[in-house]
Amino acid sequence: MDIIEVKSKKDRDYERYEYLLIKKESLLKDSASILVAYIKEFGELLTESFKEKIECIKLKKHIGYIQAIINKGQTVDIEAISKIVENEMEDYYQELQEMIQDSKNAQESTKSTKATVLKVKRLYREIAKKLHPDINPRTKDDERLSELWYRVCIAYRENNIKTLDELKFLVDKELANGGLGNEKITIPDIKEKITDLENEIDHIVNTDPYRYKDIISDSNLIKEKKAEIIEEIKKYVEYKKSLKDILEELKNEGNEGEAGINWLRN
């Protein structure tokens, strides 16, 4: 009797582990789709806001360097300062370009129907229970299984039903040929892994981009978010103007001290 109970408990642990692995992948896929929808709605505004933000950062850097030089009574070397600032701004410019590209990609993306998404998830679950590397360790070691799993993941992300359907057949055939079709795999430290997966899932559903789900599914929240970003842009524009005024004052101060006469042209 004790042996039967232990076996049953192990089976339940295995089924729980299997369920959580697939649920985690499904949530990550949903998060990616949610992020695309979020960028599609707000990407252009968010990009504009960030563009204004980095302009303010750039102006503040110029102010900081020039003010420090003027305070020391030294001559302002605008070309040198501009090079320093441009180097320090490279990461911001790179992030801006990525935002622009992400926004473009989101606008060009097409949304799959609910029926398509559900069928894709069903097919993926069926395959993952047999081929997921954390469920079937042989997938990592077998070149053919590894290749099939890679193709499954790509098709899953792209909601490609036709390819997933074909891959399901190929996976079943490959496992049957290897005599692995119905074999139950023993997972070491399964309880700890279950706990880790539960924590990971909790983190996914309680952080961005998954939390964007509520916003993009509510037209009123979408309007509120857009109004919020537009207001943010206005504040950056106003702040940028005040920074330019400070730079103009520094120019005059620099002129009086015979320093920094032409730096504003940069």
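The largest nonpolar core has 20 residues, and Y17 and I190 have the most contacts inside it. A nonpolar core here is a set of buried Ala, Val, Leu, Ile, Met, Phe, Trp, Tyr and Cys residues joined through side-chain atoms within 4.5 Å. Buried means under 20% relative accessible area, exposed means over 50%, and partly exposed lies in between (1.4 Å probe, protein chains only). Helix 1 (2-71), helix 7 (190-205) and helix 9 (219-256) are the elements that give two or more residues to this core. Helix 1 gives the most, with eight residues. In soluble globular proteins, nonpolar side chains tend to be buried together.

This is a predicted model, in which local features need pLDDT of at least 70 and side-chain atom pairs count only at pLDDT 80 or more, while totals for chains, interfaces and linings use all residues. Residues are numbered from 1 along each chain as its sequence is written, and side-chain values use heavy atoms, with hydrogens and water left out.

Now take the chain as a whole. The protein chain has nine helices and zero strands. Helices (H or I, at least four residues) and strands (E, at least two) are DSSP runs, numbered from the N terminus. Along the sequence the pattern reads α-α-α-α-α-α-α-α-α. Of the 266 residues in the protein chain, 33% are buried. Contact means heavy atoms within 4.5 Å. Among contacts between residues at least 6 apart in sequence, 76% join residues at least 24 apart.

Setting aside residues up to four places away in sequence, I190 touches D13, Y14 and Y17.

Helix 1 also holds K58. Is K58 buried or exposed? K58 is buried, with a relative accessible area of 18%. Residues up to four places away in sequence aside, K58 touches V85, E86, M89 and Y93.

Helix 2 (residues 78-108) is the place of K104. K104 is partly exposed, at a relative accessible area of 46%. K104 and G43 are 61 residues apart in sequence, yet their C-alpha atoms are 8.4 Å apart in space.

Next come the helix pairs. Axes are lines fitted to C-alpha atoms, for helices over the stretch in contact, and angles run from 0 to 180 degrees between N-to-C directions. Start with helix 3 (residues 114-131) and helix 5. Their axes come within 11 Å and cross at roughly 160°. Helix 3 and helix 5 are therefore roughly antiparallel to each other. The cut-offs are these: angles under 35 degrees count as roughly parallel, over 145 as roughly antiparallel, 65 to 115 as roughly perpendicular and the rest as oblique. The crossing of helix 3 and helix 5 is left-handed, meaning that the near helix is turned anticlockwise from the far one by less than a right angle; clockwise would be right-handed.

Which residues of helix 3 and helix 5 meet? From helix 3 come V120, K121, Y124, I127, A128 and L131, and from helix 5 come L145, L148, W149, V152 and Y156. By class, this contact has 10 nonpolar, no polar and one charged residues. Ala, Val, Leu, Ile, Met, Phe, Trp, Tyr, Cys and Pro count as nonpolar, Asp, Glu, Lys and Arg as charged, and the others, Gly among them, as polar.

Helix 5 (residues 143-157) also packs with helix 6 (residues 161-177), at an angle of about 160° and with axes 10 Å apart. That makes helix 5 roughly antiparallel to helix 6. Helix 5 passes helix 6 in a left-handed crossing. On the helix 5 side are R144, L145, L148, R151, V152, A155 and Y156; they meet T163, L164, L167, L170, V171, E174 and L175 in helix 6. The classes here are 10 nonpolar, one polar and three charged residues.

L164 counts as buried, at 0% relative accessibility. Apart from neighbours within four places in sequence, L164 is in contact with V120, L123, I127, V152, A155 and Y156.

In the loop between helix 5 and helix 6 sits N159. N159 has a positive phi of about 55° although it is not a glycine. N159 is buried, with a relative accessible area of 16%. P209 lies in the loop between helix 7 and helix 8 (213-216). A cis peptide bond joins D208 and P209, with omega about 5°.
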